[in-house]
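Take a look at the model below. Start with the overall folds, then move to the details.

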Amino acid sequence: MSKVERLRQRAKELLERQEVVVVLGYRASSRPGISQAAFITQKEDARHLIFDSTCSQNLANYLLKVKGKGRVAVVARGCDSRSIVVLLQEKQIEREKVYILGVSCEGVVVQGEKSVACRSCRYPNPVIYDEMIGEEVHFEPETVDDEFDQLTPDERWEVLSAEVERCIRCYACRQVCPNCYCPVCFVDASMPALVGKTHNVSDNMVFHIMRALHMAGRCVECGACHRACPMGINLMRFNRQVAKIVRERFGLVAGAKPDEMPALTIFKPEDPQEFIR
Amino acid sequence: MKVFLKHDDLKKLLEGIAREGRLFAPVKKDWYSGWARVSSMGEIVLRGEQAQLKGEEVNSREPAKVFVFPQSEVMFEFDEERAVEATEVPAVVVFGLRSCDGRAMAFLERFFVENRPEDPLVRQRREKATLIGVACNSPADSCFCTAVGGGPHERKGLDVLLREVNGGFLGEAETEKGEKLLAGFPAANEKDEAEAEKRRQEAEGKMALRIDLKRLKEVLDKGFNSPVWERLALECVNCGACTFLCPTCHCFDVTDETVRGKKKRSRVWDSCQFTLYSQHASGHNPRLNPAARYRNRVMDKFKYTVDMVGELSCVGCGRCVRVCPAGIDIRVAVAEILREEEAGKDGQ
């Protein structure tokens, strides 16, 4: 039985036995190469489920949307499962309300190429699941963005300015992010307003840098935001830097270990603190 | 009057405009094309080149509305004593927009200018812009202009439409401005006209979708509380990509900013998909529910603007289909809405 067949069968069974009220997975969209979230509530609809390299969205994002409707089964790859871990750590969802159908993943393909985020993926297999659908996969991640690391701060500013110059502030990046769930985002604060609304590089930069900082120790580098951006902004430039700093300085990887405390909630005496003078 | 422009003639015409720094056209920006001031013809990315780019992108990613309704524009500067209105807008020539965007321009004129009181900013910008459209011969699978009353070779809203034929373009003026631009070019012959017609029919043939617009309107008139919205909105993440990149979406917010001591009142694009859009000063928000925001977009395209100014505000450019991060397709939504109505009837 193929992975997809197994997935469909299990989804059907879970609904049949009323173990869950909805199965959150992927289905094909109206267009080739593009898939979308599927909310399967009837067992006969389980046949619409798919799982392949077109599955671009991080379904953990939709867990918040169906919160409170009962137990939900969700298809989760490595990155999605790490987002779920972050949501659990941050008490946004309850473990017993989620049934995780783990799947291994070899990367999302966008326009014929492996998505930027997926090229350096270190977690193709779910880190948390209730059952695994199919086998685990193992491959070596590519090293990317080395040239960005070599740049001076001024040069980095240039590169990032060129990226955010294109931003139209549609907030697709924020909206598709499972771990970007503030009831009122700082850009939407109006009393007082924290970020200007006119279209310019400096306000765009404020949004992207603030968002990146808010994601420190929380971003799982799934790349959903990068793939969602209608203007093709390489948001992984921000995400990678933040994740890298947290990894190198604090030895932590967001959502990688379900029983580990997240970076922003712990303090260790040996934490680097040379910024305190 | 139809004229014929050899490739070289068009090149010379556009180069002349470009030398004055007034020419804007689609250029390669990423895997997509977008608007920029161009100085040489080599920068322009039209259908042929775009088809070679990755993905499906036969039109500029940003709609041509940016030329009459930019994402943000200063309305006036002010201090304690007085307000100084924004200075005159520069004259621009926009080359390479498609018929769908032309139709969207006509809509925006109808909405902002003919629909009184007029919006002087949009009027000025439209008056100062010359729109040279290029007929579309290779619609993408996300295109559906013919389903919403338009066509790939339509002139509406443009000043000039150029239709590619062997050896050059067939030029047709829609406005006085367009006639001036085309004055002096030789008349087209019947062969070229037949060729352009053939290409039009081929392009139209690539878009199979038909929508019963009258029935859709009737269904929407009664469909505000339909259960269909909750279902359709499930996948929607309520970002603003569809609305910001829609060539007819025209909502804006007004904001005051002080930049280096100068106080400016600007208007900026806003989107009905955002919670803040419908937030009242009292704190009440009539569209807090994401499904209500999703409904608003569909209602606006196919009902609200029809009620307000007598025109659909969907031109079938397909941008919302191409940019949606959730993979939502407005054509599927429309089909679902009509199907829901059918199912409802059966149940009675």
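What follows goes from whole chains to their contact, and then to single residues.

This is a predicted model. Begin with chain A. Its secondary structure comes to ten helices and seven strands. The radius of gyration is 19 Å, close to the 19 Å that the globule rule gives for 277 residues, so chain A is as compact as a globular protein of that length. Along the principal axes, the C-alpha atoms of chain A fill a box of roughly 60 × 45 × 45 Å. Of the 277 residues in chain A, 42% are buried.

Now chain B. Here there are twelve helices and eleven strands. A compact globule with 348 residues would have a radius of gyration near 20 Å, and the 21 Å of chain B agrees with that. The C-alpha trace of chain B spans about 65 × 60 × 40 Å along its principal axes. Buried residues make up 47% of the 348 residues. In chain B, 72% of the contacts between residues at least 6 apart in sequence join residues at least 24 apart.

The two chains touch. Chain B gives 34 residues to the contact, and chain A gives 27 residues. On the side of chain B that touches chain A, four elements each supply at least two residues: α9 (241-244), β10 (252-259), β11 (262-269) and α12 (330-347). The largest share, three residues, comes from β10(B).

The largest nonpolar core has 162 residues. Its members that touch the most other members are V23(A), L24(A), V74(A), V75(A) and V94(B). Helix α3 (residues 99-114) of chain B provides the largest share of this core, seven residues.

Beyond its neighbours within four places in sequence, V75(A) is in contact with L7(A), L24(A), G25(A), Y26(A), F51(A), L59(A), L101(A) and V103(A). One of these partners, Y26(A), sits in strand β1 of chain A. Is Y26(A) buried or exposed? It has 24 C-beta neighbours inside 10 Å. The cut-off for burial is 20 or more, so Y26(A) counts as buried. Setting aside neighbours within four places in sequence, the contacts of Y26(A) include S35(A), Q36(A), A37(A), A38(A), L49(A), I50(A), F51(A) and C55(A), along with V75(A). Another pair to check is Y26(A) and T54(A). They are 28 residues apart in sequence and 9.3 Å apart in space, C-alpha to C-alpha.

Turn to helix α10 of chain B, residues 290-309. This helix has 20 residues and reaches 26 Å from its first C-alpha to its last, close to the 28 Å expected at 1.5 Å a residue. Where is α10(B) kinked? The kink is centred on D300(B) and is about 65°. D300(B) is also one of the buried residues of α10(B). Others among them are R293(B), Y294(B), V298(B), M299(B), K301(B) and F302(B). After the helix comes G310(B), with a positive phi near 75°.

Some backbone details remain. The bond from M191(A) to P192(A) is cis, with omega near 0°. P192(A) lies in the loop between α7 (172-175) and α8 (201-214) of chain A. In chain B, a cis peptide bond joins R116(B) and P117(B), with omega about -5°. P117(B) is in the loop between α3 and α4 (120-127) of chain B.

Q18(A) is not a glycine, yet its phi is positive, about 55°. Q18(A) lies in the loop between α1 (3-16) and β1 (22-28) of chain A. E221(A) likewise has a positive phi, near 55°, in a residue other than glycine. The place of E221(A) is in the loop between α8 and α9 (224-228) of chain A. Which burial class does each fall in? Q18(A) has 9 other C-beta atoms within 10 Å, so Q18(A) is exposed. E221(A) has 26 other C-beta atoms within 10 Å, so E221(A) is buried.

How values were computed. Residues numbered from 1 in each chain as written. Chains lettered and ligands numbered in written order. Predicted model: local features only at pLDDT ≥ 70, side-chain atom pairs only at ≥ 80, totals over all residues. Contact = placed C-beta atoms within 7 Å. Rg over C-alpha atoms; globule rule 2.2 N^0.38 Å. Buried ≥ 20, exposed ≤ 12 C-beta atoms within 10 Å, placed from the backbone. Expected span 1.5 Å × (residues − 1). Bend = angle between axes of the 7 residues up to and from the residue. Core = buried A, V, L, I, M, F, W, Y, C linked by C-beta atoms within 7 Å.
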